[in-house]
Amino acid sequence: MTPYGNIVFFIIIGILLLPTIILGLREKSAKGYNIFVSIIVLALIFGNSLNGTISLILFTVFQLLLIIAYQKYRLQKNSGTVFIVAVLMSILPLVLVKVLPILGLHHLFGFLGVSYITFKSVQMILETRDGLIKDKISVVELAYFLLFFPTVSSGPIDRWRRFYKDMHTVPSNQDYQKLLLSGINYIFVGFLYKFILAYLIYNYTLIYLPNHTYNYLTPFQGQIAYMYMYSFYLFFDFAGYSAFAVGVSRIMGIQTPINFNRPFSSRNIKDFWNRWHMSLSFWFRDYVYMRFVLWMTKKKWIKNKFIISYIGFFLLFFLMGIWHGLEWHFVVYGLYHALLIISFDKFERWNKKRKLWPKNKWTHAIGVFITFNAVCFGFYIFSGKLF
C-alpha cells in the first residue's frame with residue numbers, strides 16, 4: 001500500500017488513530033499505542049513485498065546497532081577516525097542503492113524511504129559526536145523515530161531532540177485540540193494540493209507537453225509551457241504529500257516540521273531554499289555545508305572565507321543533486337543552484353557597498369519574478385527534458 005496514495009489508506013489511518021484522538025482529548029499519553037499503530041501501518045506499506053520487508057528490517061537493525069554502538073563509544077572516547085567510519089557505514093547502504101543499479105547490479109536496501117531513514121541515522125551519529133545527545137536512548141523509541149510512519153517514505157526529516165520532546169509531552173486537552181484541528185487542516189490542504197491541483201495540472205496540461213500541443217503552441221512554446229506546468233505540478237504534488245505527513249503527525253501529537261512555505265514567493269534564491277523542501281535543505285545546510293566550512297576554517301588550508309563558502313555551496317548542492325539520482329540532469333540541477341546562490345551572494349555583497357539596488361516593494365516584486373523564473377528553469381533541468 002502506497003502512503004497517502006488513495007482514499008483507502010486514509011480510511012485505515014482514520015480508524016487506527018481514533019484511540020489516539022480519544023487519549024489525546026483525555027490528556028493521556030498515546031505513545032505506546034502510536035508505536036503499535038506505526039508497526040501496523042508499516043506492515044501495510046511494506047507487507048506486499050517480502051524482499052522489501054526483509055530489507056527494511058535488516059537495514060533498521062543495522063542502523064540501530066550502529067547508532068547505539070557509537071553512542072556507547074562516545075561516552076568513553078571521541079576519535080575522529082571512528083566518527084568518520086560510523087558516518088560512512090551509516091550512509092553506505094544508501095550509496096549502494098544509488099550506485100549499484102547504474103552498474104547493473106542488484107542491491108539489498110532498495111525499499112521505500114531508505115534515504116530519509118538514512119538522514120535520521122546520520123543525524124543521530126553527528127549529534128552524538130557533538131555532545132548534543134548524551135542520555136541513553138531506548139531502542140524502541142529510536143526505532144519509532146527512524147520508522148515514524150507518517151514521514152517514513154518521503155519526509156519531512158525530523159530532528160531527534162525535537163521528536164523526543166514531543167514524544168514525551170502529554171498535551172493538555174486544549175493544546176491537543178489545537179494539534180488535532182491543525183492536523184485535519186493540513187490533511188485537507190494535502191487533498192487540495194495533491195488530489196485536485198496536481199491531478200488537474202498533470203492530466204489536463206502536463207501529459208500533452210512539450211510535444212503534443214496540436215499546433216496550438218510552437219515547439220519552443222511547448223517547452224516553455226512544460227517548464228512552468230512541471231514546476232507547479234512538482235510543488236503541489238510534493239507539498240500535498242508533505243501536508244499529509246505533517247497533518248497525521250500532529251494528530252499523533254508529533255509536530256513534524258513543515259516542508260514548504262510559499263516557495264514561489266521567494267524574493268531571492270537564498271530565500272527560496274529557506275522555503276522549499278525545508279527539512280532537507282536545512283539538513284544539508286547544518287550537517288554538510290556548516291561542517292565543511294568550520295572544518296576548512298579550522299584547517300586554514302584556504303584563507304579566503306568566501307572561497308571556502310563557495311566550495312561549500314558546490315559540495316552541498318552537488319550532493320543534493322546526486323541524492324536524487326546519478327543521471328546527468330540531477331547533477332547539473334545541483335550545480336545550477338550552486339551557481340545561482342553564489343551569484344546572488346556576490347551580488348548582495350556588491351550591492352552593500354554601492355547601494356544601487358534599494359529595498360522597496362518594486363525591487364521585491366522584481367526579485368520574486370526573477371527568482372521564480374530561475375527556479376522554474378532549474379526544475380526544467382531537473383525534469384530531464386533539457387537533455
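Seven residues, Phe 347, Trp 350, Leu 356, Trp 357, Ile 366, Phe 369 and Ile 370, make up a nonpolar patch on the surface, with about 700 Å² of accessible area together. Helix H14 (328-354) and helix H15 (361-383) are the elements that each give two or more residues to this patch, and H15 supplies the largest share, three residues. Patches are built from residues with over 30% relative accessible area and no salt bridge, joining like charges within 9 Å and nonpolar side chains (Val, Leu, Ile, Met, Phe, Trp, Tyr) within 5 Å. The areas come from the Shrake-Rupley method with a 1.4 Å probe, and for residues only the protein chains shown count as cover. Phe 347 is found in H14 and is partly exposed, at a relative accessible area of 32%. Here, buried means under 20% relative accessible area, exposed over 50%, and partly exposed in between (1.4 Å probe, protein chains only).

A word on the model itself: it is predicted, so local features need pLDDT of at least 70 and side-chain atom pairs count only at pLDDT 80 or more, while totals for chains, interfaces and linings use all residues. Residues are numbered from 1 along each chain as its sequence is written, and side-chain values use heavy atoms, with hydrogens and water left out. The average pLDDT (the predictor's confidence in each residue, from 0 to 100) is 93 for the protein, and 98% of the residues score at least 70. Helices (H or I, at least four residues) and strands (E, at least two) are DSSP runs, numbered from the N terminus.

Let's turn to the salt bridges. The whole structure holds 13 of them, each defined by a side-chain nitrogen of Lys or Arg within 4 Å of a carboxyl oxygen of Asp or Glu.

| Salt bridge | Closest N and O atoms |
|---|---|
| Arg 159 and Asp 286 | 3.1 Å |
| Lys 270 and Asp 345 | 3.0 Å |
| Glu 348 and Lys 270 | 3.7 Å |

Lys 270 lies in helix H11 (residues 269-273) and Glu 348 in helix H14, so their pair ties together parts that are 78 residues apart in sequence. Lys 270, Asp 345, Glu 348 and Arg 349 are linked in a network of salt bridges.

Now for the buried side of the fold. H4 (residues 50-74) has 25 residues that should span 36 Å at 1.5 Å a residue, and its end C-alpha atoms are 36 Å apart, which agrees; the expected span is 1.5 Å times one less than the number of residues. Its buried residues, including Phe 59, Leu 64 and Tyr 70, pack against helix H3 (31-46), helix H5 (80-99), helix H6 (114-129) and helix H7 (139-146).

Ile 201, in helix H9 (residues 173-204), is also buried, with a relative accessible area of 14%. Leaving aside neighbours within four places in sequence, Ile 201 is in contact (heavy atoms within 4.5 Å) with Leu 206, Met 229, Phe 232, Tyr 233 and Phe 236. Ile 201 and Tyr 233 are 32 residues apart in sequence and 6.1 Å apart in space, C-alpha to C-alpha.
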